[in-house]
Amino acid sequence: MIMKDFELSSISADELVVNQPVPWPVYDEFGKLLMAKGSVIRTERQRDILMRVGLYAREIDDDDEKNETLKPVTFNRQVNPFAEFDDLCLRLSELFQYIEKKENPPEDAVYKRTMGIVTYLQGLVAYDADAMIGAVHLMDSFPYHILHPVQSAILCEVIALRLEIEQEKKLSMLAAALTGNIAMNAYQVRLHQQRKPLTEQQREVIEKHPEVSAVMLGSAGVQDDYWLKLVKSHHERPDGSGYPRGLKADVLPVEAKIIALSDVYCAMVTPRPYREPVSYKATLRELFVQRGQSVDERLTTIFVHELGLYPPGVYVKLQNGELAVVVGRTKSPKEPLVASVRKADGNVFLNPRRRNTGIREFMIRATCTRKDQVAVNPATLWGIQALQVKKPRMV
(Lines give C-alpha, C1' and ligand atoms only; values in the text may rest on other atoms or scores of the structure.)
Protein backbone atom coordinates (compact mmCIF):
# COMPACT_ATOMS: atom_id res chain seq x y z
CA MET A 1 0.00 0.00 0.00
CA ILE A 2 1.32 3.47 -0.90
CA MET A 3 0.98 6.01 1.90
CA LYS A 4 -0.83 8.54 -0.31
CA ASP A 5 -3.63 9.74 1.93
CA PHE A 6 -1.97 9.60 5.33
CA GLU A 7 0.49 11.64 7.37
CA LEU A 8 2.82 9.59 9.58
CA SER A 9 3.48 10.83 13.12
CA SER A 10 5.20 9.50 16.23
CA ILE A 11 3.07 7.75 18.87
CA SER A 12 2.96 9.19 22.38
CA ALA A 13 2.77 7.06 25.53
CA ASP A 14 -0.89 7.73 26.29
CA GLU A 15 -2.21 6.89 22.84
CA LEU A 16 -1.96 3.09 23.04
CA VAL A 17 -3.87 1.19 25.73
CA VAL A 18 -3.89 -2.58 26.31
CA ASN A 19 -7.26 -4.20 25.56
CA GLN A 20 -8.36 -1.10 23.64
CA PRO A 21 -8.60 -0.69 19.84
CA VAL A 22 -6.09 1.56 18.09
CA PRO A 23 -7.84 4.68 16.72
CA TRP A 24 -5.81 4.72 13.51
CA PRO A 25 -3.68 2.35 11.40
CA VAL A 26 -0.10 1.89 12.67
CA TYR A 27 2.80 1.56 10.22
CA ASP A 28 6.56 1.12 10.46
CA GLU A 29 8.93 3.76 9.04
CA PHE A 30 8.86 2.14 5.59
CA GLY A 31 5.05 2.24 5.32
CA LYS A 32 4.41 -1.42 6.20
CA LEU A 33 1.12 -1.88 8.06
CA LEU A 34 1.72 -3.17 11.61
CA MET A 35 -1.83 -2.91 12.99
CA ALA A 36 -5.08 -2.01 11.26
CA LYS A 37 -7.39 0.68 12.64
CA GLY A 38 -9.71 -0.83 15.26
CA SER A 39 -7.44 -3.77 16.09
CA VAL A 40 -7.12 -4.45 19.82
CA ILE A 41 -3.77 -4.40 21.62
CA ARG A 42 -3.68 -7.63 23.63
CA THR A 43 -0.42 -7.46 25.66
CA GLU A 44 2.00 -4.96 27.16
CA ARG A 45 4.76 -6.41 24.97
CA GLN A 46 2.71 -5.74 21.85
CA ARG A 47 2.16 -2.16 23.04
CA ASP A 48 5.88 -1.68 23.75
CA ILE A 49 6.84 -2.88 20.27
CA LEU A 50 4.34 -0.53 18.64
CA MET A 51 5.64 2.34 20.75
CA ARG A 52 9.21 1.67 19.68
CA VAL A 53 8.80 1.11 15.96
CA GLY A 54 5.32 2.31 15.10
CA LEU A 55 4.06 5.48 13.47
CA TYR A 56 0.39 6.31 13.32
CA ALA A 57 -1.28 7.42 10.12
CA ARG A 58 -3.67 10.34 10.37
CA GLU A 59 -5.94 10.46 7.36
CA ILE A 60 -5.93 13.75 5.47
CA ASP A 61 -8.06 14.81 2.54
CA ASP A 62 -6.69 15.56 -0.92
CA ASP A 63 -6.80 19.34 -0.51
CA ASP A 64 -4.82 19.18 2.74
CA GLU A 65 -2.25 16.86 1.16
CA LYS A 66 -1.67 19.30 -1.69
CA ASN A 67 -1.33 22.35 0.56
CA GLU A 68 0.30 20.99 3.73
CA THR A 69 4.09 20.98 3.90
CA LEU A 70 5.76 18.01 5.61
CA LYS A 71 7.00 18.81 9.09
CA PRO A 72 9.97 17.49 11.10
CA VAL A 73 9.24 14.45 13.25
CA THR A 74 8.71 15.28 16.92
CA PHE A 75 9.77 12.88 19.66
CA ASN A 76 7.62 12.21 22.69
CA ARG A 77 10.16 9.73 24.03
CA GLN A 78 13.84 9.62 24.90
CA VAL A 79 16.05 8.82 21.93
CA ASN A 80 19.75 8.11 21.48
CA PRO A 81 20.84 10.44 18.63
CA PHE A 82 23.90 8.30 17.88
CA ALA A 83 21.89 5.10 17.46
CA GLU A 84 19.45 7.11 15.36
CA PHE A 85 22.33 8.41 13.22
CA ASP A 86 23.26 4.82 12.39
CA ASP A 87 19.61 4.13 11.63
CA LEU A 88 19.52 7.08 9.21
CA CYS A 89 22.54 5.60 7.42
CA LEU A 90 20.84 2.20 7.24
CA ARG A 91 17.65 3.73 5.86
CA LEU A 92 19.61 5.70 3.25
CA SER A 93 21.45 2.53 2.20
CA GLU A 94 18.11 0.76 1.76
CA LEU A 95 16.77 3.74 -0.22
CA PHE A 96 19.76 3.61 -2.57
CA GLN A 97 19.24 -0.12 -3.12
CA TYR A 98 15.56 0.48 -3.78
CA ILE A 99 16.29 3.16 -6.39
CA GLU A 100 19.08 1.21 -8.07
CA LYS A 101 17.21 -2.12 -8.28
CA LYS A 102 13.56 -1.16 -8.55
CA GLU A 103 12.15 -0.82 -12.06
CA ASN A 104 9.17 1.51 -12.32
CA PRO A 105 8.68 1.98 -8.55
CA PRO A 106 5.16 2.86 -7.39
CA GLU A 107 4.14 6.49 -7.73
CA ASP A 108 5.69 8.71 -5.03
CA ALA A 109 7.42 5.72 -3.35
CA VAL A 110 10.95 7.17 -3.62
CA TYR A 111 9.72 10.63 -2.68
CA LYS A 112 7.94 9.36 0.42
CA ARG A 113 10.85 7.16 1.54
CA THR A 114 13.29 10.03 1.10
CA MET A 115 11.07 12.51 2.92
CA GLY A 116 10.67 10.00 5.74
CA ILE A 117 14.45 10.12 6.22
CA VAL A 118 14.58 13.91 5.78
CA THR A 119 11.87 14.74 8.33
CA TYR A 120 13.33 12.22 10.81
CA LEU A 121 16.77 13.83 10.42
CA GLN A 122 15.21 17.26 10.98
CA GLY A 123 13.51 15.98 14.12
CA LEU A 124 16.81 14.65 15.48
CA VAL A 125 18.56 18.00 14.88
CA ALA A 126 15.70 19.75 16.69
CA TYR A 127 15.92 17.18 19.52
CA ASP A 128 19.70 17.58 20.08
CA ALA A 129 21.68 19.54 17.50
CA ASP A 130 24.93 19.25 19.47
CA ALA A 131 24.71 15.46 19.55
CA MET A 132 23.96 15.31 15.81
CA ILE A 133 26.92 17.58 15.02
CA GLY A 134 28.94 15.33 17.31
CA ALA A 135 27.79 12.32 15.28
CA VAL A 136 29.10 14.01 12.13
CA HIS A 137 32.60 14.02 13.65
CA LEU A 138 32.52 10.77 15.63
CA MET A 139 30.45 8.18 13.75
CA ASP A 140 32.12 6.14 11.02
CA SER A 141 30.56 2.68 10.90
CA PHE A 142 29.20 2.95 7.34
CA PRO A 143 30.87 3.22 3.92
CA TYR A 144 31.73 6.73 2.78
CA HIS A 145 28.99 6.90 0.13
CA ILE A 146 26.41 6.32 2.88
CA LEU A 147 28.07 8.21 5.73
CA HIS A 148 28.98 11.35 3.80
CA PRO A 149 25.48 12.37 2.60
CA VAL A 150 24.01 11.91 6.08
CA GLN A 151 26.81 14.03 7.59
CA SER A 152 26.30 16.72 4.97
CA ALA A 153 22.52 16.75 5.37
CA ILE A 154 22.82 17.26 9.14
CA LEU A 155 25.04 20.31 8.68
CA CYS A 156 22.74 21.60 5.93
CA GLU A 157 19.82 21.48 8.37
CA VAL A 158 21.84 23.27 11.08
CA ILE A 159 22.76 26.12 8.71
CA ALA A 160 19.29 26.30 7.15
CA LEU A 161 17.78 26.71 10.61
CA ARG A 162 20.17 29.58 11.29
CA LEU A 163 19.15 31.24 8.01
CA GLU A 164 15.44 30.54 8.62
CA ILE A 165 15.00 28.97 5.20
CA GLU A 166 11.39 27.97 4.53
CA GLN A 167 10.52 24.33 5.15
CA GLU A 168 9.50 23.50 1.59
CA LYS A 169 12.92 24.51 0.26
CA LYS A 170 14.68 22.76 3.15
CA LEU A 171 12.94 19.50 2.27
CA SER A 172 14.22 19.70 -1.30
CA MET A 173 17.70 20.74 -0.13
CA LEU A 174 18.05 17.88 2.34
CA ALA A 175 16.74 15.38 -0.20
CA ALA A 176 19.35 16.65 -2.67
CA ALA A 177 22.11 16.45 -0.05
CA LEU A 178 21.20 12.81 0.62
CA THR A 179 20.80 11.67 -2.99
CA GLY A 180 22.94 14.02 -5.09
CA ASN A 181 25.83 11.56 -5.45
CA ILE A 182 23.75 8.44 -6.10
CA ALA A 183 25.23 8.03 -9.58
CA MET A 184 28.66 7.76 -7.95
CA ASN A 185 27.78 4.96 -5.53
CA ALA A 186 29.14 2.21 -7.75
CA TYR A 187 32.48 4.04 -8.08
CA GLN A 188 32.96 5.49 -4.60
CA VAL A 189 34.62 2.54 -2.86
CA ARG A 190 37.14 2.03 -5.66
CA LEU A 191 37.91 5.74 -6.02
CA HIS A 192 38.42 6.30 -2.31
CA GLN A 193 40.94 3.44 -2.14
CA GLN A 194 42.77 4.54 -5.28
CA ARG A 195 46.14 6.16 -4.69
CA LYS A 196 46.94 6.92 -8.33
CA PRO A 197 45.80 10.11 -10.11
CA LEU A 198 42.33 10.00 -11.69
CA THR A 199 42.14 8.80 -15.27
CA GLU A 200 40.36 10.92 -17.87
CA GLN A 201 37.47 8.43 -17.88
CA GLN A 202 37.14 8.63 -14.10
CA ARG A 203 37.25 12.42 -14.18
CA GLU A 204 34.49 12.44 -16.79
CA VAL A 205 32.32 10.16 -14.63
CA ILE A 206 32.82 12.47 -11.63
CA GLU A 207 32.05 15.65 -13.54
CA LYS A 208 28.89 14.20 -15.07
CA HIS A 209 27.50 12.52 -11.96
CA PRO A 210 25.27 15.42 -10.77
CA GLU A 211 23.27 15.32 -13.98
CA VAL A 212 23.29 11.51 -14.11
CA SER A 213 22.05 11.43 -10.50
CA ALA A 214 19.20 13.77 -11.42
CA VAL A 215 18.25 11.51 -14.34
CA MET A 216 18.28 8.44 -12.06
CA LEU A 217 16.03 10.18 -9.54
CA GLY A 218 13.68 11.39 -12.26
CA SER A 219 13.45 7.86 -13.63
CA ALA A 220 12.64 6.67 -10.10
CA GLY A 221 9.61 8.96 -10.02
CA VAL A 222 10.98 12.09 -8.32
CA GLN A 223 9.00 15.05 -9.65
CA ASP A 224 10.27 17.74 -7.27
CA ASP A 225 11.94 20.12 -9.75
CA TYR A 226 13.83 22.03 -7.05
CA TRP A 227 15.23 18.82 -5.58
CA LEU A 228 16.52 17.83 -9.03
CA LYS A 229 17.86 21.34 -9.68
CA LEU A 230 19.88 21.24 -6.47
CA VAL A 231 21.23 17.78 -7.33
CA LYS A 232 22.47 19.14 -10.66
CA SER A 233 24.13 22.19 -9.09
CA HIS A 234 25.48 20.94 -5.74
CA HIS A 235 29.05 20.66 -7.08
CA GLU A 236 29.08 24.08 -8.73
CA ARG A 237 31.31 26.69 -7.09
CA PRO A 238 30.96 30.48 -6.59
CA ASP A 239 33.95 31.26 -8.82
CA GLY A 240 32.73 29.01 -11.66
CA SER A 241 35.34 26.29 -11.05
CA GLY A 242 32.75 23.62 -10.24
CA TYR A 243 30.97 21.10 -12.42
CA PRO A 244 29.14 20.04 -14.53
CA ARG A 245 28.29 23.47 -16.03
CA GLY A 246 30.74 25.89 -14.41
CA LEU A 247 27.98 28.07 -12.96
CA LYS A 248 28.91 31.09 -10.84
CA ALA A 249 27.58 32.45 -7.54
CA ASP A 250 25.02 34.84 -9.00
CA VAL A 251 22.95 32.03 -10.55
CA LEU A 252 23.34 29.47 -7.77
CA PRO A 253 20.52 29.21 -5.18
CA VAL A 254 21.56 29.56 -1.56
CA GLU A 255 20.48 25.97 -0.88
CA ALA A 256 22.97 24.68 -3.48
CA LYS A 257 25.71 26.75 -1.82
CA ILE A 258 24.83 25.29 1.59
CA ILE A 259 25.06 21.74 0.22
CA ALA A 260 28.40 22.54 -1.44
CA LEU A 261 29.87 24.01 1.75
CA SER A 262 28.69 21.12 3.91
CA ASP A 263 29.97 18.66 1.31
CA VAL A 264 33.46 20.21 1.30
CA TYR A 265 33.65 20.36 5.08
CA CYS A 266 32.53 16.76 5.64
CA ALA A 267 34.86 15.48 2.92
CA MET A 268 37.81 17.12 4.69
CA VAL A 269 37.11 15.98 8.26
CA THR A 270 36.26 12.38 7.31
CA PRO A 271 39.16 9.88 7.11
CA ARG A 272 39.83 8.04 3.85
CA PRO A 273 41.79 4.85 3.17
CA TYR A 274 44.56 6.93 1.62
CA ARG A 275 44.75 9.75 4.21
CA GLU A 276 43.95 10.79 7.76
CA PRO A 277 41.13 13.28 8.30
CA VAL A 278 42.11 16.92 7.99
CA SER A 279 42.20 18.53 11.44
CA TYR A 280 39.37 20.88 12.26
CA LYS A 281 41.78 23.78 12.65
CA ALA A 282 43.28 23.11 9.20
CA THR A 283 39.79 22.68 7.74
CA LEU A 284 38.74 26.09 9.08
CA ARG A 285 41.89 27.66 7.66
CA GLU A 286 41.25 26.08 4.25
CA LEU A 287 37.60 27.19 4.21
CA PHE A 288 38.62 30.76 4.95
CA VAL A 289 41.29 30.68 2.26
CA GLN A 290 38.74 29.34 -0.26
CA ARG A 291 35.80 31.59 0.72
CA GLY A 292 34.45 33.39 -2.31
CA GLN A 293 36.13 30.83 -4.57
CA SER A 294 35.16 27.19 -3.94
CA VAL A 295 32.82 28.07 -1.05
CA ASP A 296 30.47 30.99 -0.50
CA GLU A 297 32.05 33.76 1.58
CA ARG A 298 28.97 34.79 3.59
CA LEU A 299 27.90 31.21 4.26
CA THR A 300 31.40 30.27 5.40
CA THR A 301 31.28 32.94 8.10
CA ILE A 302 27.83 31.78 9.23
CA PHE A 303 28.92 28.12 9.09
CA VAL A 304 31.96 28.67 11.33
CA HIS A 305 30.00 30.87 13.72
CA GLU A 306 27.26 28.24 14.03
CA LEU A 307 29.60 25.29 14.63
CA GLY A 308 31.96 27.29 16.85
CA LEU A 309 35.74 27.25 16.97
CA TYR A 310 35.48 23.82 18.59
CA PRO A 311 32.35 22.02 17.35
CA PRO A 312 30.78 19.04 19.14
CA GLY A 313 32.65 15.80 18.47
CA VAL A 314 36.12 17.35 18.22
CA TYR A 315 38.86 16.05 20.54
CA VAL A 316 40.78 18.71 22.48
CA LYS A 317 43.62 18.89 25.02
CA LEU A 318 42.83 20.94 28.13
CA GLN A 319 45.14 23.23 30.07
CA ASN A 320 45.40 20.66 32.89
CA GLY A 321 46.52 17.94 30.47
CA GLU A 322 43.22 16.07 30.19
CA LEU A 323 41.97 14.75 26.86
CA ALA A 324 38.35 15.77 26.23
CA VAL A 325 35.63 15.74 23.58
CA VAL A 326 33.49 18.79 22.87
CA VAL A 327 29.85 17.97 23.67
CA GLY A 328 28.09 21.32 23.60
CA ARG A 329 28.25 24.78 22.08
CA THR A 330 27.96 27.85 24.31
CA LYS A 331 27.54 31.57 23.71
CA SER A 332 31.31 31.84 23.61
CA PRO A 333 32.77 30.04 20.55
CA LYS A 334 36.07 29.60 22.40
CA GLU A 335 34.55 28.06 25.52
CA PRO A 336 32.43 25.01 24.65
CA LEU A 337 31.26 22.39 27.12
CA VAL A 338 33.52 19.31 27.03
CA ALA A 339 33.64 15.81 28.52
CA SER A 340 37.09 14.69 29.68
CA VAL A 341 37.87 11.07 28.81
CA ARG A 342 41.53 10.71 29.82
CA LYS A 343 43.47 12.07 32.79
CA ALA A 344 46.69 14.02 32.52
CA ASP A 345 48.60 10.91 33.68
CA GLY A 346 47.24 8.88 30.76
CA ASN A 347 44.66 6.86 32.68
CA VAL A 348 41.14 6.83 31.31
CA PHE A 349 38.20 8.13 33.33
CA LEU A 350 35.71 5.36 34.13
CA ASN A 351 32.97 7.89 33.36
CA PRO A 352 33.51 11.07 31.31
CA ARG A 353 33.80 14.24 33.41
CA ARG A 354 32.03 17.41 32.27
CA ARG A 355 34.31 20.45 32.20
CA ASN A 356 33.60 24.16 31.75
CA THR A 357 36.32 25.47 29.46
CA GLY A 358 35.65 29.00 30.68
CA ILE A 359 37.55 28.04 33.85
CA ARG A 360 41.32 28.56 33.54
CA GLU A 361 42.19 25.00 34.62
CA PHE A 362 40.00 23.53 31.89
CA MET A 363 40.73 25.99 29.08
CA ILE A 364 41.33 24.39 25.68
CA ARG A 365 45.02 24.24 24.88
CA ALA A 366 44.80 22.65 21.42
CA THR A 367 42.82 20.35 19.16
CA CYS A 368 44.07 16.76 18.82
CA THR A 369 45.16 14.60 15.93
CA ARG A 370 43.60 11.20 15.31
CA LYS A 371 46.52 9.39 16.95
CA ASP A 372 45.86 11.23 20.25
CA GLN A 373 42.22 10.11 20.43
CA VAL A 374 40.81 7.23 22.44
CA ALA A 375 37.89 4.99 21.49
CA VAL A 376 34.75 5.97 23.34
CA ASN A 377 31.02 5.38 23.04
CA PRO A 378 29.65 8.81 21.98
CA ALA A 379 26.42 8.27 23.88
CA THR A 380 28.31 8.12 27.18
CA LEU A 381 29.91 11.50 26.44
CA TRP A 382 26.45 13.02 26.22
CA GLY A 383 25.26 11.14 29.30
CA ILE A 384 22.78 9.09 27.32
CA GLN A 385 21.86 5.86 29.04
CA ALA A 386 20.97 2.72 27.08
CA LEU A 387 17.24 2.76 26.46
CA GLN A 388 15.57 -0.04 28.33
CA VAL A 389 12.93 -2.20 26.68
CA LYS A 390 10.27 -3.38 29.08
CA LYS A 391 10.46 -7.17 29.29
CA PRO A 392 7.39 -9.35 29.83
CA ARG A 393 7.03 -10.84 33.29
CA MET A 394 8.01 -14.48 33.55
CA VAL A 395 5.27 -16.66 35.10
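**View 1. Arginine 113 over the ring of tyrosine 98.** Arginine 113 lies over the face of tyrosine 98, at 4.0 Å from the ring centre, where a charge sits over a ring if NZ of Lys or CZ of Arg is within 6 Å of the ring centre and within 35 degrees of the ring normal. This is a predicted model, in which local features need pLDDT of at least 70 and side-chain atom pairs count only at pLDDT 80 or more, while totals for chains, interfaces and linings use all residues. Residues are numbered from 1 along each chain as its sequence is written, and side-chain values use heavy atoms, with hydrogens and water left out.

**View 2. The surroundings of arginine 91.** With a relative accessibility of 4%, arginine 91 counts as buried, a word that means under 20% relative accessible area, whereas exposed means over 50% and partly exposed lies in between (1.4 Å probe, protein chains only). Arginine 91 also lies over the face of tyrosine 120, at 5.2 Å from the ring centre, and a polar atom of the arginine 91 side chain is 3.3 Å from the backbone oxygen of glycine 116.

**View 3. The aromatic cluster of Phe75, Tyr120 and Tyr127.** These three residues, Phe75, Tyr120 and Tyr127, form one aromatic cluster, in which rings of Phe, Tyr and Trp (its six-membered ring) pair if their centres lie within 6.5 Å, and planes under 30 degrees apart count as stacked, over 60 as edge-to-face and the rest as tilted. Phenylalanine 75, at 15% relative accessibility, counts as buried, whereas tyrosine 127, with a relative accessible area of 35%, is partly exposed.

Notes: Polar contact = N/O pair within 3.5 Å; in protein donor to acceptor, adjacent residues only side chain to side chain.
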